Amino acid sequence: MKRIFSLIALVSLGTLLALACKKVGPEPTPGPDPSEKFIITGVTIPESIVVVAEEDYSFTFNGRGPAVGDEMVFTSKTVSGKVIVIPVKAVTPLSFTINVPLELDDDVYTIKIRRGDKAFTVSSETTVSVTVKIDVNPASGSTIYGVVLCGKRPVADAVISDGYEVVKTDAKGVYQMASQKKNGYVFISVPSGYRVAMNSVVPQIWKNTAKPETEVERIDFALYDDGDQTNHTMLFFGDMHLANRTSDRSQFRVFTDEIRAYMNSHKNEKIYAMTLGDMTWDLYWYDNKYSFNEYLAEVKPLEGLPIFHSIGNHDHDMKASGDWTTQLPFRAALGPNYYSFNIGGIHYVSLDDIECTNTSGGTSSDRHYNEKIISDDLNWLARDLQFVDPATPVVVTMHAPMYNQSGSAALTNTATVETYFSGRKVTFVTGHSHKNWYSKKNNIEEYNSGAVCASWWWCGHYTSGLNIAQDGAPGGYRIMSVKGTSYDSFYKGIGRPDDYQFRTYDRNSIKIDPAEGGSQSAAYATALAKYGSYNIASSANYVLINVWDYNPSWKVEVSEVETGKTLTVTRQTVYDPLYLPAYCGKRFNAGASSLTFAPFSTSHMFRVTASSATSTLLIKVTDDEGRTYTETMTRPKTFSLQAYK
């Protein structure tokens, strides 16, 4: 593990300007004793260090260290010919000290200790981050103040918030805030072109307060240059529900392996991710001792990918009461429950639309909540958007959807939330339902974007390679490609190619036998009758096409090869037949008498009637970006779990 050493110095702006004209170094010191043999052993150089210009920094040793007047030679590993030589300023029996010059900057260096023409390498690779602490005084009324720097450079117009107040830095990178410290932290809305340090996959956008409300404290933020973000990719991971059950961890590794492979094949591109909530499952924090620390261990293979997290209903602590205290474990592990950041030409916002209303806590039956964005969050949102150009597109993640499949309001205050985005181009990406649907109302579009775990990992647990959700969609995630201020996205099934965008069923081949349910076959027969009557044979020659990422700008076209006819396609709201044997039958066969996750009547299903039971259909689906997906469907087409794996 890398160790990071940091130190703080106070350098006024006037001093910095003076130093630009006149180099100031340490006072001359006597050189090393020429009679002393030059040997360096046991010097400790961390793999990563954070230093402050014009301040002292000390290294330790447990063998033979340098003498005053010896030199540390920093040779860049990225810039040919770049060498910075720094004299050793002071020595103790266990350490030696240098004074960091202004010319040392952020880079990766090999480091030697030199005396005359002899040198010892003490680090083959050390990442050095250099910052400058500017002398700042709190303004009257401020309880939190600080400076935002990128290396030695102040960053103007960076937006800082405590979740209530929202301010921005001045030309010197300084911010002042009259905070009541209700949340116990402040966070930065990372400006475009920058990044922050990460703890594993979690961007460290927030810092906790340390003093009582009335006491003034200084909190600084360090940013790092992230290069050109104009074109980038944002991945959206919905409803992972990791709980150490139903073989979820082994199935999840298939997902992380896929994302790691995607990262490796796009190394020269900017890739980020946001979650849609329910990374964990509050019940199993206690039953299986599986919570956020365990979740973070599971996503460790994705280190290098910044993952911005949104909070779900199952990411609240069921043994606490009310909205505030139930959020605390999430905030301690993953950061604020609502915040924003900027990448390229897009303003990203993560909102909390779960208002916990349970009062007693202690059992899962006390998990009561409203699907609502509370007024504190909305007041913050209004202040945050004041600093965002109305022409800048806004992409919002939250857990529960804004709209239902029918397009009606899903939150208790959807209409109120809409007003906060008036006049803006806004895209919501949400989860919670574990299903896929698209909605658009005026300037707001929403992708309710399925789930990584699909049916809470059950279908994949029962039949390896067939993890599908209640609407028949595969477990998956959304990939958004951003170019400037334009973007498009698609839903990607885990373990499936990008062009796997629909599934077809030959209704003539479907006759599900309820005896698959074993001792519970009567319950299964009841379910089959309720959810589409797929236990009854049909000779109507119709085909069902499940297009899970469909929106009204897509086209579904079918022609018959033998007759050359273009067939009429109708959109229907029906149940996906594959989910019945994949989940319902397996569930009953395992001894259940009822269904925890019942089938869902989805509106992204299409029906077409063929001329005969054996005619071949050419199916063509065109998405809103003009991409086409096709299948030549030879009929009869077998219906079985193995056929669709």
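**Cavities, pocket and packing**

Analyst: The structure holds four cavities of 30 Å³ or more. A cavity here is a set of points, on a 1 Å grid over the protein atoms alone, where a 1.4 Å probe fits but cannot get out. Grid points are joined across faces, edges and corners, and a volume is the space filled by probe spheres set on the points. This is a predicted model, in which local features need pLDDT of at least 70, side-chain atom pairs count only at pLDDT 80 or more, and totals for chains, interfaces and linings use all residues. Residues are numbered from 1 along each chain as its sequence is written, and side-chain values use heavy atoms, with hydrogens and water left out.

The largest cavity has a volume of about 60 Å³. Its lining consists of V202, P203, I205, W206, I307, F308, H309, L334, G335, P336 and Y339; a lining residue has an atom within 4 Å of a point. Strand 19 (202–203) and strand 25 (307–308) are the elements that give two or more residues to this lining. Strands (E, at least two residues) and helices (H or I, at least four) are DSSP runs, numbered from the N terminus. By class, the lining has nine nonpolar residues, two polar and no charged. Ala, Val, Leu, Ile, Met, Phe, Trp, Tyr, Cys and Pro count as nonpolar, Asp, Glu, Lys and Arg as charged, and the others, Gly among them, as polar.

Next, the open space. The second largest pocket holds about 340 Å³. A pocket is an open set with protein on both sides within 12 Å along at least five of seven lines. It is lined by 17 residues, and Q251, G465, L466, N467 and I494 are the closest to its centre. The lining of this pocket has eight nonpolar, seven polar and two charged residues.

Now the helices. The axes of helix 10 (residues 521–530) and helix 11 (residues 579–589) come within 9 Å and cross at roughly 150°. Helix 10 is therefore roughly antiparallel to helix 11, a term for angles over 145 degrees. Axes are lines fitted to C-alpha atoms over the stretch in contact, and angles run from 0 to 180 degrees between N-to-C directions. A523, Y524, A527 and L528 of helix 10 meet L580, P581, C584, G585 and F588 of helix 11, with contact meaning heavy atoms within 4.5 Å.

Last, the backbone. The peptide bond from R635 to P636 is cis, with omega near 0°.

Note on methods. Angles under 35 degrees count as roughly parallel, over 145 as roughly antiparallel, 65 to 115 as roughly perpendicular and the rest as oblique.
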